[in-house]
Amino acid sequence: MIEQYIVIIPFFIGIILSFIILTRMKLFSSSGKFFRSVDDVDLGNGCALVEIGGIAIFPILLTCLCASLGLPKWLGYDASSAMEVEKSGLRIMQVISGCALLYIVGLKNDIHGTAIKVKLLAMFLAACLFPLSHLWIMDLQGLFGIHELPAWIGMSLTVGLIMYVTEAIVILDDIDGIGVGFVSIIGSIFLGFCLAFNFTLGALVSSALLGVAIPYSLLKLFFKGWKKTLVGNAGSYALGYFVSYLTLSLIQQSGQFMPEGMLMIVVGITLIPFVDVIRILRNRVREGRAMLTPDRNQMQHRLIRTGLRPSFTPVCIILIVILFAFINTFWVLASYNLTILVMIDLALWSGLQFGIGYAIQKHEDKMDFHKWNMAYGREAWTASVPVEVIKRKQQVFGTLGLPKDVILGEETDFIPDGMNSFERNTKRLFDMITSGIMLIITSPLFLLSYVLIKMDDGGPAIYRQERLGRFGRPFYIYKFRSMRLDAEKFGPALSHAGGDDDPRLTKVGKFLRAHHLDELPQLWNVFCGDMAFIGYRPERKFFIDQIMEHDPRYSFLYQIRPGVTSYATLYNGYTDTMEKMLRRLNYDLYYLEHRSFWFDIKTLWLTFVSIVFGKKF
């Protein structure tokens, strides 16, 4: 058994030093100089300002770790006797050396900035110290039927994992230091396993980690001056490297100190923060931003967007992490198949992301609908309201494309949505279920279309374009690319402006367009809630502005979701002139006023029949 006070020593040393040192070393850096507060910095010099809240984290961790090995001797207990002295000493030196290297590079980055190549090289060299201390992934413990790994594969996998985990903590710290919060959660669970299975060195490292992470998290939660403080790369690299060591140590102890299958228990504990980083990076790339550019797309910000109170989101995240840890621990201890557990974890994580996304959309739609009512309700705008009141409402709620006669308080014919709330909810449920089923059924067509487009000209197969949807909110519509890459080199043009023989169409694109297969990716738009099967066809703001110059009633369509097809498309076809666009608007407004669930079903059926019999839209 590990003596209780041995684990308490690094924890309390870390707590004491953190509250004493961190609160006195919250620094700001500009032009390579340090300042105590923002007020001391000459912000007029145009230089970047960097907050460094974790500059003392590595020194504190080092002090805690060394003290926890030395102080017990004064109390009559030799911590090294509970460990394999040779291996433990080597790994302690490895952790200290790797952290020192990353600390230097991180500090340089916080002060002056460092090239990405330099940071990657430092992480690579620090990660290589793990195999040198005989710590790497030697087997997958039956995952995917694989057990023992060749040394070169295990070492390569280990180096990649260490670099990813270390950088993940830095990315999670980008906005408000949530990375330290995750470190606190992960460290607590790791400490529990180390104590339960008598892994002394792991318990000491976990305790030291918590002694630093918990005070920092508390400072950010309860002290206003720390709310937006960043740990900085110097602190994040140290935390990430310690977490990496614990992760690998627990995996390697599987079947020795730890139960067989510890790999998947560790995956369960770290799944939420580290897999979420992949989603964050994917969104940054998709939005055309640098991968290391800070944003507010982390899990805690997404939970806040669902309507949760900010104070409750950390509790929610902790519960989610504990849930995954419990499921994986139970599964491993029950000796069930680990490959099935991987699929369960991925399914649960995907379901969680979909649930959060759906909750975000419902909450934002609710807020936007309130805003819409304030801006568009007849009583709110067209009654006998003083112009000053209207102007104040306009300043608070905006106009959302409101016609000028309404803004000025003049009477206008407002066209309301013909569906009641029950029908709208039924329609959304029908759209979501049907589009989900169709995505699965048509997946072979997706693959075939993708391959054919790639073979045709080698360009991207999926084309996305920003359109305006419900409440005038922009979204990306997806299609299979049917035109050449330079189709709009002379500016925005309607997709059907050239007719069926449009010279901009590719060979494959002409076939896809003729059979409406280019619209298949819009099933994803329907599934996500950006669109419905039946609505009005969404347009780009460039063309909407032109339409509203002729007929401002277009803004009334913002009450509903745009559709993959529409009542107007059946009777007006696709538009290639402004005259047709205005005629289509009249059909769309008629649909808006008279729509019902059965009206939608009828329109959907007629559209299907028209496509089967080859009717040209």
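This is a predicted model: local features need pLDDT of at least 70, side-chain atom pairs count only at pLDDT 80 or more; totals for chains, interfaces and linings use all residues.

Colleague: What makes R583 and E579 a salt bridge?

Modeller: The closest N and O atoms of R583 and E579 are 4.0 Å apart. A salt bridge requires a side-chain nitrogen of Lys or Arg within 4 Å of a carboxyl oxygen of Asp or Glu, and the pair therefore counts as one.

Colleague: Is E579 called buried or exposed, and why?

Modeller: E579 has 60% relative accessibility. Exposed means over 50%, so E579 counts as exposed. Elsewhere, salt bridges that share partners join D417, R424 and R595 into one network.

Colleague: How many salt bridges does the structure hold?

Modeller: The structure holds 9 salt bridges. One of them joins the side chains of D600 and K427, at 2.3 Å from N to O.

Colleague: Why is the pair of D600 and K427 said to tie parts of the chain together?

Modeller: D600 lies in helix α23 (residues 597-612) and K427 in helix α16 (residues 421-441), so the pair ties together parts that are 173 residues apart in sequence. Both D600 and K427 are buried.

Colleague: Which residue forms a salt bridge with R584, and how do you know that the two qualify?

Modeller: The partner of R584 is E539, with the closest N and O atoms 3.1 Å apart. The limit is 4 Å, so this pair qualifies as a salt bridge. R584 is in helix α22 (residues 578-594), while E539 is in the loop between β6 (532-535) and α20 (541-550); the two are 45 residues apart.

Colleague: Why are R584 and E539 called buried?

Modeller: The relative accessible area is 6% for R584 and 8% for E539. Buried means under 20%, so R584 and E539 are both placed in that class.

Colleague: What makes up the nonpolar patch on the surface?

Modeller: The patch is formed by L445, L447, L448, Y450, V451, L452, M455 and I462, which together have about 740 Å² of accessible area. Helix α17 (residues 443-457) gives the most to this patch, with 7 residues.

Colleague: How is the packing of helices α6 and α11 described?

Modeller: Two packed helices are described by the angle between their axes and the distance between the axes. Helix α6 (residues 178-196) and helix α11 (residues 313-333) pack at an angle of about 35 degrees, their axes being 11 Å apart. Their crossing is right-handed. I178, F182, I185, I189 and F193 of α6 make the contact with I317, I318, V321, A325 and T329 of α11.

Colleague: What can be said of the chain as a whole?

Modeller: The protein chain has 23 helices and 7 strands. Of its 617 residues, 51% count as buried. Its accessible surface comes to about 29,100 Å², and 67% of that belongs to carbon and sulfur atoms.

Terms used. Residues are numbered from 1 along each chain as its sequence is written. Side-chain values use heavy atoms; hydrogens and water are left out. Patches are made of residues with over 30% relative accessible area and no salt bridge: like charges are joined within 9 Å, nonpolar side chains (Val, Leu, Ile, Met, Phe, Trp, Tyr) within 5 Å. Accessible areas come from the Shrake-Rupley method with a 1.4 Å probe; for residues, only the protein chains shown count as cover. Helices (H or I, at least four residues) and strands (E, at least two) are DSSP runs, numbered from the N terminus. Axes are lines fitted to C-alpha atoms, for helices over the stretch in contact, and angles run from 0 to 180 degrees between N-to-C directions. A crossing is left-handed if the near helix is turned anticlockwise from the far one by less than a right angle, and right-handed if clockwise. Contact means heavy atoms within 4.5 Å. Buried means under 20% relative accessible area, exposed over 50%, partly exposed in between (1.4 Å probe, protein chains only).
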